[in-house]
Structure formats: C-alpha cells, structure tokens
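The sequence and structure follow.

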Amino acid sequence: MSSQISGRLLSEEERRIREIEERINRFRQKYGMDFDKFFELVESNIGKLLERGFDLGEVLEDSLVWENLLDKLDELKRKIKS
C-alpha cells in the first residue's frame, strides 16, 4: 500500500516538475535567453530588454516569477532524490 502512495506522490511531483519546466521554457522562448543572461540584463542593462519592446513592469514581474520557478524546481528535484 505504501509503495502505491509513494508512487502516486512521485508521479505528482514529477508532473509538477514538468509543468514548472514548461513555464520556464516559455520564459526562455519569450526572451530568447536563459535565466542567468536575462537576470544579468535585468540587473545591469534593462534598457536592452526595453529596446526589444518588453514592458518594464512585465520584465520585473517575469524576473520574480522565473526565479521562483527555478527555486521551486530545485526544491522538487532535491525532494525526489532524497
């Protein structure tokens, strides 16, 4: 019985990982770069993103959401490994 419950939890966590990865990939596609490059631009040269037509508020919100997704993804992957 506990292996069934354990299997369902793992499946649920794996599903959540896939959903988070899909959301992260949408950000990568939207901005055409990975998070490290995006965050570097947000921190030091946000004008380049604005020149590409992105809205300042949207960029700042996406930055927070993207970073939170990456943190959650790491947390879930660590949980599965343990």
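## Packing of H2 against H4

The axes of helix H2 (residues 35-44) and helix H4 (residues 56-81) approach within 11 Å and cross at roughly 140°; axes are lines fitted to C-alpha atoms, for helices over the stretch in contact, and angles run from 0 to 180 degrees between N-to-C directions. Helices (H or I, at least four residues) and strands (E, at least two) are DSSP runs, numbered from the N terminus. The crossing of H2 and H4 is left-handed, a term used if the near helix is turned anticlockwise from the far one by less than a right angle.

This is a predicted model, in which local features need pLDDT of at least 70 and side-chain atom pairs count only at pLDDT 80 or more, whereas totals for chains, interfaces and linings use all residues. Residues are numbered from 1 along each chain as its sequence is written, and side-chain values use heavy atoms, with hydrogens and water left out.

On the H2 side, Phe35, Phe38, Phe39 and Val42 meet Val59, Leu60, Asp62, Ser63, Trp66, Glu67 and Leu70 of H4, where contact means heavy atoms within 4.5 Å. The classes in this contact are tabulated below.

| Class in the H2–H4 contact | Residues |
|---|---|
| Nonpolar (Ala, Val, Leu, Ile, Met, Phe, Trp, Tyr, Cys, Pro) | 8 residues |

Aspartate 62 lies in helix H4 and counts as buried because its relative accessibility is 9% (buried means under 20% relative accessible area, with a 1.4 Å probe and protein chains only). Beyond residues up to four places away in sequence, aspartate 62 touches Phe27, Lys30, Tyr31 and Phe38.

Tyrosine 31, with neighbours within four places likewise set aside, is in contact with Phe38, Leu49, Arg52, Phe54, Glu58, Val59, Asp62 and Trp66. Tyr31 is also among the residues with the most contacts inside the largest nonpolar core, together with Phe38, Leu49, Val59 and Trp66; this core has 17 residues. Helix H1 (2-31), H2 and H4 are the elements that give two or more residues to this core. A nonpolar core is a set of buried Ala, Val, Leu, Ile, Met, Phe, Trp, Tyr and Cys residues joined through side-chain atoms within 4.5 Å.

## Whole protein

The protein has 4 helices and 0 strands, and 24% of its 82 residues count as buried. The average pLDDT, the predictor's confidence in each residue from 0 to 100, is 91. Among the elements, H1 has the lowest mean pLDDT (84) and H2 the highest (97).

Note on methods. Buried < 20%, exposed > 50% of the residue type's maximum accessible area, 1.4 Å probe, protein only.
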